[in-house]
Structures are given as structure tokens and as C-alpha cells.
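Subject: Structure handover

Hello,

Here is the structure I promised to pass on. Please open it and keep it beside you while you read.

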Amino acid sequence: MTDEIFASGDDPADGWFGESVAESYDDPGGANAPEAIRPAVELLTELAGGGPVLEFAVGTGRVAAPLAARGVPVSGIELSRAMAARIAGKPGGDRVDVTIGDMTSTRVGTGFSLAYLVFNTINNVTSQDGQVDVFRNAAAQLRPGGLFLVEVGVPDLRRLPPGQDTVPFAVAPGDDGGGYLGFDQYDVVTQLFTSNHVRVAPDGTGRFRRIPFRYVWPAELDLMARIAGLRPKYRWSGWDRAEFTADSTSHVSVWQKA
């Protein structure tokens, strides 16, 4: 079993999303399915109100490109050049203005009507101070009355019985004798957790990869927003604007600049 920090051929400057991740990031299904992307793009278009928008951690343009294809002016910040290289090849991607940088500090302008951060990416910032910096950076680039949106899961700690720190999220044996196992391991003291990925090839050789995150609670995000001069405006359980409840496993939250 090979234990990898960065896969062979990845540039460490791309962080955890090097070429080995980027090459399959747009595979069909899941978060890339049209039925998953369409409601996100529709809601973001409405919230933008015709104004320019800024995506933090724009990735491969999964959301930004179709948003730009609708005529919304889109800018993006992305740390990984390997991920960002995929944007221009998508319909609408050539209209996305991408800046390579860290979303905690990189500034591309002011006057945005909407900034947004999707698909749990706030968890990629592994300190509370860094997550606060994301909110401050968004607020600094919004116009007065502008909105900041975050899509993120609710920490899955209710699945942890006493004495257990690990929750599996995928078990997929392959027909060819290979397979995949994914599990999250939590530290409830620091709010740090790791996503662990085990892939076994048909010949029995394996690869193990661990990626660090920091989980964050909805109320904690509200306090981060307040520190940055933002106030709560909406909280839904998903892009369809369903009510956020005690049983929701994720949320789409929106704060407004005073």
C-alpha cells in the first residue's frame, strides 16, 4: 500500500488539488450531474441580480462556466493551476476571469454583487483564523449590500458513538477485483478531520491518500460573518431553498454586507 501526500507528477504549489485530482474532477455524475449544477446556477444568477460575481476556489469551473454562459460576469480565485487549466475548455469558461491565488487573501477587485464558495470548500481552510480571513476577503470585495454565499455540509458527528472517531462515506468494490474505500476521521477537540481514500487495483496493489479539513458549524459561520461586517440573510438546506432543519445534512447560507 502506497501512502501518498502528493501523487507523482503533482505540483505541490497546487495544494491538495494537483493534476492527479484535476484529471478526473469533471467525471460525469455526482456533483457534476446537470441536475446538481442547474439549481446552483439558477440561484446564483438570481442572487447576483445582473452584477459581477466572484467565486472563491473556482476549481475547474464546474459552476462558474455555466454561470458565465448565462451572461453573468464571473471572476474566480483558484490556488491550483491544474484545476484552473480546465475552465477555458467548458462552454462559457472563456468568459471566466481567473486569478491564481489563495482565497484567504487574494484580491481581484471591488464592487462585486455576489461572492460565493461551494461544495464544502470552506473546510479546505484548516484553521479558524483562516476561515475568518475568507469571510473578510469576501466582504472587502463586495459592494455595499452585496452577498456572500457558502455551501457546506453540517458536521456529521451524530454518527459517532462514544469512543469512535471514524465515519465511512464510500465502500465501492469493483467488478474487476479492485475497489475504493473512503472514510472521514474526526478530532472533535480541534474540529480538524481528514478524508481518507483507499484505492485497490485489480492486481492487489493499493494507494492511500489523506486530505486535511476543518469542519465548521452554521452558528460559527454566522459569527465569522459578523466579524467581517456581514449579517445573515438566508439559510436553506440546499440549492432548492428547502427549509434548514435539525435533520439537514448541508446548508446554503447567505450573508449581506451592511
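Below is what I found, element by element. Note that this is a predicted model.

Start with strand β3, residues 74–78. It is mostly covered: five of its five residues are buried. Val74, Gly76 and Glu78 point one way from the strand. Ser75 and Ile77 point the other way.

Which strands pair with β3? One is β2, residues 53–56, joined to β3 by four bridges. These two strands run parallel. Look for Val53, which stands opposite Val74 in β3. Another partner is β4, residues 97–100, again parallel and again over four bridges. Here Gly76 has Val98 of β4 as its bridge partner.

Now follow the chain from β2 to β3. Helix α3, residues 64–69, belongs to this stretch. Together β2, α3 and β3 form a β-α-β unit, and the unit is right-handed.

**The nonpolar cores**

The largest nonpolar core has 27 residues. Val74, Leu114, Tyr116 and Leu149 touch the most other members. Several elements give two or more residues to this core: α2 (34–48), α3, β5 (112–117), β6 (142–153) and β12 (250–257). Which of them gives the most? Helix α2 does, with seven residues.

Zoom in on Tyr116. Setting aside residues up to four places away in sequence, Tyr116 touches Leu44, Val53, Leu54, Glu55, Phe56, Val63, Ala64, Leu67, Val74, Phe148 and Leu149.

**Helix α6**

Next, go to helix α6, residues 218–227. Its buried residues are Pro218, Glu220, Leu221, Met224 and Ala225. Why do they count as being on the same side of α6? Because they cover an arc of only 155° around the axis. On the other side, Ala219 and Arg226 are exposed.

What do the buried residues of α6 pack against? Their partners are α5 (128–141), β6, β10 (206–214), β11 (230–236) and β12. Just after the helix comes Gly229, with a positive phi of about 85°.

**Two residues to look at**

First, Gln141, which lies in helix α5. Is Gln141 buried or exposed? Its relative accessibility is 1%, so Gln141 counts as buried. The side chain of Gln141 reaches the backbone oxygen of Thr106 at 3.3 Å. Gln141 and Arg107 are 34 residues apart in sequence. In space, their C-alpha atoms are 7.2 Å apart. Leaving out neighbours within four places in sequence, Gln141 is in contact with Leu54, Phe56, Ile77, Thr106, Arg107, Val108, Gly109, Thr110, Gly111 and Phe112. Ile77 takes you back to β3, where it is buried.

Second, His197, in strand β9, residues 192–200. Its relative accessibility is 17%; the cut-off for buried is under 20%. So His197 counts as buried. Which side chain makes a polar contact of 2.6 Å with that of His197? The side chain of Tyr180 does. Not counting residues up to four places away in sequence, His197 touches Phe169, Tyr180, Leu181, Arg207, Phe208, Arg209 and Ile211.

Best wishes

Note on methods: Residues are numbered from 1 along each chain as its sequence is written. This is a predicted model: local features need pLDDT of at least 70, side-chain atom pairs count only at pLDDT 80 or more; totals for chains, interfaces and linings use all residues. Side-chain values use heavy atoms; hydrogens and water are left out. Buried means under 20% relative accessible area, exposed over 50%, partly exposed in between (1.4 Å probe, protein chains only). Two strands pair if DSSP finds at least two bridges between them. A crossover is right-handed if, with the strands pointing away from the viewer, the path from the first strand over the helix to the second runs clockwise. A nonpolar core is a set of buried Ala, Val, Leu, Ile, Met, Phe, Trp, Tyr and Cys residues joined through side-chain atoms within 4.5 Å. Contact means heavy atoms within 4.5 Å. The arc is that of the directions from the helix axis to the C-beta atoms. A polar contact is a pair of N or O atoms within 3.5 Å; within protein, one must be able to donate a hydrogen and the other to accept it, and residues adjacent in sequence count only if both atoms are side-chain atoms.
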